Amino acid sequence: MKYPYSKRVIEHFRHPHHMGRMKNPDAVGVAGNPVCGDVMYIYIKVKDNRIIDLKWETMGCAAAIATTSMLADLAIGKTLDEAEKLTKKEVADALEGLPPIKMHCSNLAADALRDAIKKYREKHEN
Ligand code: FES
């Protein structure tokens, strides 16, 4: 059977990076897709305005899992300003593309990360 996914998507789906819950995160972001019902949590640790660790839990499809895994690789080490600018297209490109019908799934990871960054700022920058 030929999968509709790129080799990189399948690799990240089978062996996701940075998956799991984080103890004592500095902030937790959440995003959901009301159409399919999938939900994602992103936990971040921040030092000197930089994401030094990120973990995630995704109750979602293969594309949602692979995009969160890739987003974690891309976001760790970035400043909050850089990380909040990551787009679903950058994540999908890093995965060598997603089937068009699955592009909406890549919104979740970027949205959950932005939510985590927003909550971190609300807590720490006032
Ligand atoms: S089908 Fe729900 S995120 Fe992919």
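Of the 126 residues in the chain, 35% count as buried, a residue being buried if 20 or more other C-beta atoms, placed from the backbone, lie within 10 Å of its own. This is a predicted model, in which local features need pLDDT of at least 70 and side-chain atom pairs count only at pLDDT 80 or more, while totals for chains, interfaces and linings use all residues. Residues are numbered from 1 along each chain as its sequence is written.

**The whole chain**

Begin with the entire chain in view. The chain has 5 helices and 3 strands, where helices (H or I, at least four residues) and strands (E, at least two) are DSSP runs numbered from the N terminus. Their order from the N terminus is α-β-β-β-α-α-α-α. Along the principal axes, the C-alpha atoms fill a box of roughly 50 × 30 × 25 Å. The radius of gyration is 14 Å, which agrees with the value near 14 Å for a compact globule with 126 residues; it is taken over C-alpha atoms, and the globule rule is 2.2 Å times the number of residues to the power 0.38. Among contacts in the chain with a separation of 6 or more, 63% join residues 24 or more positions apart; two residues are in contact if their C-beta atoms, placed from the backbone, lie within 7 Å.

**The sheet**

Next, select the 3 strands, which form an open antiparallel sheet in the order E1-E2-E3. Two strands pair if DSSP finds at least two bridges between them. E1 and strand E3 (50-59) are the edge strands, each pairing on one side only. Neighbouring strands of this sheet are turned by 20 degrees against each other on average, direction ignored.

Turn to E1 and E2, which pair in the antiparallel sense over 6 bridges. Glycine 29 stands opposite isoleucine 42 in E2. The hairpin of E1 and E2 has 6 residues between the strands, and glycine 37 in the turn has a positive phi of about 85 degrees.

Move on to E2 and E3, which are joined by 9 bridges and run antiparallel. Tyrosine 41 has glutamate 57 in E3 as its bridge partner, and lysine 47 stands opposite arginine 50 in E3. With 2 residues between the strands in this hairpin, aspartate 48 takes a positive phi near 50 degrees.

**Helices on the sheet**

Axes are lines fitted to C-alpha atoms, for helices over the stretch in contact, and angles run from 0 to 180 degrees between N-to-C directions.

How far apart are the end C-alpha atoms of helix H5 (residues 105-124)? They are 30 Å apart, which agrees with the 28 Å that its 20 residues should span at 1.5 Å a residue; the expected span is 1.5 Å times one less than the number of residues. The buried residues of H5 include Leu108, Leu113, Ile117 and Tyr120. The buried residues of H5 pack against strand E1 (27-32), strand E2 (39-47), helix H2 (62-75), helix H3 (80-84) and helix H4 (88-94).

**Where H1 meets H2**

Finally, select helix H1 (residues 7-14) and H2, whose axes come within 8 Å and cross at roughly 85 degrees. H1 and H2 are therefore roughly perpendicular to each other, a term for angles of 65 to 115 degrees. At this crossing, Val9, His12 and Phe13 in H1 meet residues of H2, among them Ala62, Ile65 and Met70.

Terms used: A residue is buried if 20 or more other C-beta atoms lie within 10 Å of its own, exposed if 12 or fewer, and partly exposed in between; C-beta atoms are placed from the backbone. Angles under 35 degrees count as roughly parallel, over 145 as roughly antiparallel, 65 to 115 as roughly perpendicular and the rest as oblique.
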